[in-house]
Amino acid sequence: MSENELSGEVYYPSKQIVKKAHAKCEKIYEEASTNLEEFWAKEAKNLHWFKKWTKTLDDSNKPFYKWFVGGKTNIAYNCLDVHCETFRRNKIAMIWEGENGDLRALSYFAMKRETCRFANVLKSLGVKKGDRVTIYMGRIPELAIAMLACARIGAIHSVVYGGFSVEALHERLEDSQSKVLIVADGAYQRGKIVELKKIADEALQRAATVESVLVVKRTGHGVNMEAGRDMWYHELMNLPIANNSCSVEIMDAEDPLFLLYTSGTTGKPKAILHTHGGYMVGTYTTLKYVFDIHEEDRYWCAADPGWITGHSYIVYGPMLNGATSFLYEGAPTHPYPNRWWQMIEKYGINILYTAPTAIRGLMRYGDAWPNRHNLSSLRMLGTVGEPINPEAWRWYHKVIGKEKCPIMDTWWQTETGMFMITPMPCTPLKPGSGTKPFPGLVMDIVDEDGNSVKPNEEGYLVIKTPWPAMLRTIYNDPDRYVNQYWSRFPGMYLTGDSARRDEDGYFWVIGRVDDVIKVSGYRLGTAEIESALVSHPAVAEAAAIGLPHDVKGNAIHTYVILRSGFVGSDKLIEELRQHVGHEVGPIAKPETIEIVDSLPKTRSGKIMRRVLKAKALGHDPGNLSTLEE
């Protein structure tokens, strides 16, 4: 079927967009599908290698794939040093605006200088190749500097989202066995201070491996500093040890770069491990082609560096491409709902990449707020984190993009490291569809037996080809890696999402098929929320489900059985909500908490969340034969 015959509601890119694009669609799809390894090897050659690889892909020990085998590189060197040897030396790498109006701009030279200085600080504290360093901050440049400094000296960074609280931070410190914690004193959010150092202090009471805590002064409010353990970042950066020059650790392509935790269906969050070589090539290539990054562009990914979107497309992807990236600290609506549109006009942002949740949230305030600003600098738009509903897509396209900006609706995961289903600037778009897999990737939708389903039938979304930025394992748990992703359908990577494919081959991702709830694009495991509730002395058992929400995509609804001696009340329910916020983070606070006498369970004791969800939505709960009662 030709492009002119695509079915349904279709938006075609303008001739100007197609003409300017790096990606000549047909050519790239053809090259990648003809020879996948050759395609990725060609892209890898655009980056710096201390030693070239001997084999592009080693699939001899599936599913433990290896990319660019024998290659020696360093992603931080490619992000900074490479550009400092060219005209980009004085180009702005990052523009930052704080929620309170603070401003900073860092050139590639300045980013390299600050990264080297901080890398030397870390080395002076005994941090070496392979050591784990946890980073816990708001959206400030020091977060990116800390990541790059770790990568430069071969340390493995583990960034914890600044919206997570005590238990989530402690769990990640403990699992990664981190030697150092880098934390900000606080962060500004909606005009208030989030007390990050105070949360960290509580988490550190049980984190035995942490030897040093480096504190970045952001808010300047009073914090507790423990003698012999806690040190101020700015004081260390002014010492002679913080030299402007720091030699780079030459890393094997398969050496670990970072850990990033993602919610699992059961038990503790999984530490996803990414490596220097393949991740570098994947993020560099996908950002270049999908968002068509040009030298003069100002690019804004409005995610948080604490999530994979921020790792790949705020820090590493843009800097590998030598782009100018914008970073904003605070809330989209503070102090008024025009904050984003004001900044796009002020800084001449060309590309905006954000979550459907943010779009729906800003839509609620109407067209007047964006319409009072000149948004003509925008050339491309993008979405990430969850499927975007067509109504929000149309508003984004019409009101923000003025019907001239194509929307790159991307589907990918912490595990994939890079865009997997995505349009390119030359792709005809359908509101709500991510269109097709990135060139060279083979993806499918299968039934319970692993067979491809017919067009417009729902099934399991799977990936059939390896890709460079893929996770290499779950840290210290290779068996869980195999069981979680590769055991259900042998030879296929199970994404955990359901999807359908229309008659034009366009993919439509529907949502999670496991016990993970996506709230505002962030993955939260039902196990984490339930564990937080049960840790309260009043709660004996708990169950959490996600229900559709107009703004958040999904909202958390919970059911609890109280211990004997406790009586339900509005006061107790609010106490439980706050308790979950304290343990996991404010984003995990349940929308509702319903006190019940029993929960639907299988005979083996597994809570049947689908039954709770069906009842809450007024749907037929389906087969109940496995219920205990």
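Mentor: Gladly! Keep in mind that this is a predicted model. The largest cavity holds about 60 Å³ of space, and the count of cavities of 30 Å³ or more comes to one. Its lining is made up of Val159, Val160, Tyr161, Phe164, Arg172, Leu260, Tyr261, Gly306 and Trp307. Sorted by class, seven of these lining residues are nonpolar, one is polar and one is charged.

Now for the nonpolar packing. In soluble globular proteins, nonpolar side chains tend to be buried together. Here the largest nonpolar core has 161 residues, and those touching the most other members are Phe118, Leu122, Ile182, Phe291 and Tyr316. Helix H6 (residues 141-153) supplies the largest share of this core, with ten residues. Take Phe118: beyond its neighbours within four places in sequence, Phe118 is in contact with Ile145, Ala146, Ala149, Ile182, Leu214, Tyr233 and Met237. There is also a second, separate core of 28 residues, with Trp340, Ile359, Ala392 and Cys405 among them.

Glu329 sits in the loop between strand S17 (324-328) and helix H12 (339-347). Glu329 counts as buried because its relative accessible area is 2%, below the 20% cut-off. Its side chain reaches the backbone nitrogen of Tyr188 at 3.4 Å. Setting aside residues up to four places away in sequence, Glu329 touches several others, including Trp96, Glu97, Asn100, Arg139, Tyr188 and Arg218.

Definitions and conventions:
Residues are numbered from 1 along each chain as its sequence is written. This is a predicted model: local features need pLDDT of at least 70, side-chain atom pairs count only at pLDDT 80 or more; totals for chains, interfaces and linings use all residues. Side-chain values use heavy atoms; hydrogens and water are left out. On a 1 Å grid over the protein atoms alone, a cavity is a set of points where a 1.4 Å probe fits but cannot get out, and a pocket is an open set with protein on both sides within 12 Å along at least five of seven lines; lining residues have an atom within 4 Å of a point. Grid points are joined across faces, edges and corners, and a volume is the space filled by probe spheres set on the points. Ala, Val, Leu, Ile, Met, Phe, Trp, Tyr, Cys and Pro count as nonpolar, Asp, Glu, Lys and Arg as charged, and the others, Gly among them, as polar. Helices (H or I, at least four residues) and strands (E, at least two) are DSSP runs, numbered from the N terminus. Buried means under 20% relative accessible area, exposed over 50%, partly exposed in between (1.4 Å probe, protein chains only). A polar contact is a pair of N or O atoms within 3.5 Å; within protein, one must be able to donate a hydrogen and the other to accept it, and residues adjacent in sequence count only if both atoms are side-chain atoms. Contact means heavy atoms within 4.5 Å. A nonpolar core is a set of buried Ala, Val, Leu, Ile, Met, Phe, Trp, Tyr and Cys residues joined through side-chain atoms within 4.5 Å.
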